[in-house]
Amino acid sequence: MIRLFALLMGALFGAGLYVAGMTDPAKVQSFLDITGHWDPSLIFVMGAGIPVAAMGYWLMRSRGETLLHQPLLDLTASAIDRPLVMGSVLFGLGWGLGGFCPGPGLASLLLQPTTAGMFVLAMVVGMLGHDRLIKS
Amino acid sequence: MTEFTPISAAVGGGLIGLSAAIGYLALGKVTGISGIFGRALNGDMGFGQWGLFFLIGLIGMPAVMHALAPSEHGFTAPAPVLVVLAGLLVGVGTRMGSGCTSGHGICGMARLSIRSVAATVIFVGSGVVMVAVLRHVFGVIA
């Protein structure tokens with residue numbers, strides 16, 4: 001059951017990225033291009049996505065348990081600390097540079113194997129490099 | 001330069017939000033791609049290997065959609081050297097900052113997490129700076 005839910009979640013997420021055009025790096029860069037030909041479309045992705053996600057969160061909280069009887073969200077960090085700020089700065093620079101964030105990079109793998117493959121491979125190196133060398 | 005497409009953006013955003021809502025409601029988890037993928041790289045697929053099945057759906061579905069109902073959007077990527085550099089920055093940055101556009105931008109914003117609001121403001125900000133530099137300093141963006 002967990003696997004079915006997870007597969008469904010992944011498929012919905014992948015479909016959403018594809019439909020919204022987030023799998024086109026130019027679309028993402030145009031959203032960030034406020035000093036040029038700005039395309040505000042991606043505001044609508046967040047504007048629709050956040051309230052729907054918030055409903056799921058609210059339902060989880062008000063029920064006090066999850067449908068699959070898993071523990072509720074176990075997040076520990078609460079402060080805006082240095083790694084959060086530094087990491088977000090670096091991520092944003094990369095996001096603007098390539099027009100890919102992690103989801104669209106993975107979601108583009110089968111349709112644009114060369115470009116998305118290069119991005120994902122470099123992302124893997126960056127992630128493992130961070131986890132093994134910086135935070136170890 | 002791309003066209004303004006609010007309807008497909010909102011439909012896509014709704015689907016992404018639905019995925020995140022199920023993540024909270026059914027699994028009690030944050031549907032953050034850098035977290036799911038990063039943990040998987042370190043051999044942690046989550047309970048019931050849900051991370052692995054999520055990634056299969058995420059990677060497979062766009063290809064299914066493309067075959068059945070191709071989207072109106074194209075695919076234009078920067079030069080390979082920029083894509084590789086971008087991948088490195090995104091990899092290090094998302095692991096250091098504990099999240100990306102999905103985990104912070106959608107899931108975290110949805111529960112009004114102060115960390116996620118801060119992260120989202122910061123990464124959109126540095127993304128805007130990067131694109132402005134690409135456009136005005138290097139003339140890479142049309």
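This is a short talk about how chain A and chain B meet in the structure above.

Hi everyone, thanks for coming. One thing before we start: what you have on the screen is a predicted model.

Let me begin with the interface as a whole. On the chain B side, 108 residues take part in the contact, and chain A brings 105 residues to it. Together the two chains bury about 9,600 Å², and 78% of that area comes from carbon and sulfur atoms. If you'd like to pick out residues on chain B, look at B:L25, B:F75 and B:R115, which lose the most area to chain A. Even so, those three together make up 8% of what the chain B side buries.

Between the chains we count three salt bridges. One of them links A:D33 to B:R135, with 2.6 Å between the closest N and O atoms.

Helix 1 of chain B gives the largest share, with 21 residues. By residue type, the side of chain B that touches chain A has 65 nonpolar, 37 polar and six charged residues.

Over all chains, the structure holds 10 aromatic pairs. Take A:F44 and B:F4: their ring centres are 5.6 Å apart and their planes stand at 65 degrees, so this pair is edge-to-face. The pair crosses between chains, with A:F44 in helix 3 (residues 41-63) of chain A and B:F4 in the segment before helix 1 of chain B.

A second pair, A:F100 with B:F75, is tilted, at 6.3 Å centre to centre and 45 degrees between the planes. Here loops meet: A:F100 lies between helix 4 (82-98) and helix 5 (102-107) of chain A, and B:F75 lies between helix 3 and helix 4 of chain B, so this pair also joins two chains. A:F100 is buried, at 0% relative accessibility, whereas B:F75 is partly exposed at 24%. You'll remember B:F75 from the residues that lose the most area to chain A.

Last stop: A:F13, B:F47, B:W50 and B:F54 form one aromatic cluster. Thanks, and I'm happy to take questions!

Note on methods: Residues numbered from 1 in each chain as written. Chains lettered and ligands numbered in written order. Predicted model: local features only at pLDDT ≥ 70, side-chain atom pairs only at ≥ 80, totals over all residues. Heavy atoms only, no water. Contact = heavy atoms within 4.5 Å. Buried area = accessible area lost by both parts, 1.4 Å probe. Salt bridge = Lys/Arg side-chain N within 4 Å of Asp/Glu carboxyl O. Helix = DSSP H or I, 4+ residues; strand = E, 2+ residues; numbered from the N terminus. Nonpolar A, V, L, I, M, F, W, Y, C, P; charged D, E, K, R; others polar. Phe/Tyr/Trp six-rings, centres within 6.5 Å; stacked < 30°, edge-to-face > 60°. Buried < 20%, exposed > 50% of the residue type's maximum accessible area, 1.4 Å probe, protein only.
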